[in-house]
Amino acid sequence: MKLVHMEKYKNSLFGNIKNKLSEWLELEDVQTIPDQEVFRFLHSIKGTAGTLQLCGLMAITEQLLEETDEESGRLWIPSELRNFLFDLIEHTYEYEHFDEVEIKGKPVRDSQAPLIQIIDDDISMLILLKDLLEEQGWMVITNADPVKATNQYFEMQPDCLILDIQLPAKDGFQILQDIHLHNEKYFIPKIMISIQNDKHTRIKAFKMGADDFIGKPIDVDEFIVKMERHLQRKRIFDQSVLIDEMTQVYNRRFLDETLPRYFNDYKRSGQHFSISIIDIDHFKRVNDRYGHVVGDFVLAEFAQFIKGQIRSSDLICRYGGEEFVLILPDTSNEQAKHKLTGLIKAFSAKEFTHEGQSFSVTFSAGVFTVENEHVTPKEALEEADTSLYEAKRTGRAKVESMQRTRSTKKTLNVSVIDDDIIIRTILTKALRSLQVPHLDLDIAVYEDGPSFLNSDRAREELGHFLILDGVMPIMDGIEVLQKVKQGSNADYYTVLMLTGRKSTDDIAKALTLGADDYVTKPFNIMELKTRIERLLTKLI
Amino acid sequence: MKRILLAEDEEVLRMLVVDTLEDEAYEVDEAADGLEAVQLLNSRTYDLVILDYMMPGYTGLEIIEKIQSSEIKAQGKILMLSAKSQQFEQERILEAGADYFMAKPFSPLKLIEKIEVILHEAESIHY
């Protein structure tokens, strides 16, 4: 007997499931669905799934069936049913978009995955490299526009940079020059790629700070091995260093190792101590206005200033970006606030000059005092961070300590535009489960471009994270992106495009039009979540 | 050529079984629910009737009742498919008048084997 074409039946079954699910998902909450209908639907899928040896599907339906009953007479509200059937919705999505081999062969990237930045205006090359590197389990951010890319480099601080020499507007050498000072202090492997592979070009690249040079056309196997080596060295380097190169104070790794000791000391001696998170105000403006070189200088000066003003028993660490952690042993909450207020005042008086222009910089601080045994280092940092956020929210250049009070979070609009109800449902659920500090996500979904563009929300002057399907029937995603970018509030948007794997033209268009990132469909849900989380964290 | 009726409301399963049976050179009619099945059963006689237990229109059991009460033409053998695989359910189905029972989910290969045995038995009784 021939049963070669089992695929055909599997596809039909999932097709039917998808249709039924879509029909239910589209319903408004004023309508209801009888339990009997749900039971029969699940029941018949289960039988067929078993015959087609779709074990995963059978297990899901079996479990769901336990909570439905042909005779119950119960009526489901669509939103309840959506939650109830979520596993089935997700499974259907995964079946439709991945074959089993692909799921197994593809490593899932987590938040610890190395971040690689590629700057290349040759979009097909960029896509090829991104695919190749992401297959290895690494996360890749890409940008075709050199100016945007340089900013992205400073903001995201990748673990490795891949840079094409021939770029429009600003070539690879100029970018190397721009990030030169930053690079002297940070170990970030930089790999130049170029079609121009002569000795002169190679020497120039190395002299300017490149760590590797790869000629085009790229040999894929060699490229991957080289990347593995670079990332490995980066990892070893990061693990061996305890001093932040740029600011010459302890780094986060040191803090992570040292902090628990203060808590142990407290348990033993009962001697309270304070933790403060301090953060330079409007640091992005400094970077934008005076350039990243000046920004880096301000950071280093700031760290050294604090270091010079504290006791030898106090500890200052760079926590990340323009954020530092200060630990003040044997210091009460009042004393800590007093000390920091003094520091803020003194630092604000300091004058910086750049090309004859003078400017001053302020900072804000959040304080938490450890006064009981039950608080963990993580909680203490979160409390201090919450207070810092409050200090920022209520005017900056000040210190706040709001032990045991809750902060008001900032709201970020997050909108999803996709014509596929299954994808909308999955994305909404993924977004709802995201935990981003200091951000309340206001999530909305739209089934086409016009209904989003005509919404009041689209015109709000508020941070807006937009997840946009590239291909939609009513208005193409590219057109939606174009319209968003033409709006007077374009700067408030961060756009993540969902594109087809093979649609190079669309990716090229999206990136040129100013999309901040793209993800090819089908996407892995966990992975997309991690990516969104990373992008959102940068938006605060 | 042996003639079979398949009454099964799940479209994909019906597709699969019909294709499989046709590959084995049986002549197959299909019904998507109990009503269609009754119509077909009234118009011709089958060597084998495969009935799903749970269908809209009439259930498999209701159709068997109709055959037994001569409301529908007499038929050859009856094979009932059901996800209710407990012993007492099986017995109930067989007592109600089905000749054979097959638990869902089944492998298409097993179904073919079973059908071959059923039709072969039917022949040997005839002659």
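Does N489(A) count as buried or exposed, and at what relative accessibility? At 5% relative accessibility, N489(A) counts as buried. Buried stands for under 20% relative accessible area, exposed for over 50%, and partly exposed for values in between (1.4 Å probe, protein chains only).

The model is predicted: local features need pLDDT of at least 70, side-chain atom pairs count only at pLDDT 80 or more, and totals for chains, interfaces and linings use all residues. Residues are numbered from 1 along each chain as its sequence is written, chains are lettered from A and ligands numbered from 1 in the order in which they are written, and side-chain values use heavy atoms, with hydrogens and water left out.

N489(A) sits in the loop between α20 (477-486) and β18 (493-500) of chain A. Helices (H or I, at least four residues) and strands (E, at least two) are DSSP runs, numbered from the N terminus. A polar atom of the N489(A) side chain lies 2.9 Å from the backbone oxygen of E460(A). Residues up to four places away in sequence aside, N489(A) touches A458(A), R459(A), E460(A) and E461(A). Contact means heavy atoms within 4.5 Å.

Chain A holds 22 helices and 19 strands. Of its 540 residues, 53% count as buried. Among contacts in chain A between residues at least 6 apart in sequence, 70% join residues at least 24 apart.

Helix α12 of chain A covers residues 220-240. At 1.5 Å a residue, its 21 residues should span 30 Å, and the end C-alpha atoms are 30 Å apart, which agrees. The expected span is 1.5 Å times one less than the number of residues. Buried in α12(A) are F223(A), I224(A), M227(A), H230(A), L231(A) and K234(A). Seen down the helix axis, these buried residues fall within an arc of 130°, so they line one face of α12(A). The arc is that of the directions from the helix axis to the C-beta atoms. An α-helix has 3.6 residues a turn, so residues three or four places apart point the same way. On the other side of α12(A), D221(A), I236(A) and S240(A) are exposed. The buried residues pack against β3 (115-119), α7 (123-135), β5 (160-164), β6 (190-194) and β7 (212-215) of chain A. At the start of α12(A), a side-chain oxygen of D219(A) comes to within 3.2 Å of the backbone nitrogen of D221(A).

Chain A and chain B bury about 1700 Å² between them, 71% of it on carbon and sulfur atoms. Buried area is the accessible area (1.4 Å probe) that two parts lose on being put together, summed over both. Chain A gives 19 residues to the contact and chain B gives 17 residues. One salt bridge (a side-chain nitrogen of Lys or Arg within 4 Å of a carboxyl oxygen of Asp or Glu) crosses the interface. It joins D19(B) to K8(A), with the closest N and O atoms 3.2 Å apart. On the side of chain A that touches chain B, α1 (6-25) and α2 (35-51) of chain A each supply at least two residues. The largest share of that side, seven residues, comes from α2(A).

In chain B, R14(B) lies in helix α1 (residues 11-23). At 12% relative accessibility, R14(B) counts as buried. The R14(B) side chain reaches the backbone oxygen of E8(B) at 2.9 Å.

Terms used: A polar contact is a pair of N or O atoms within 3.5 Å; within protein, one must be able to donate a hydrogen and the other to accept it, and residues adjacent in sequence count only if both atoms are side-chain atoms.
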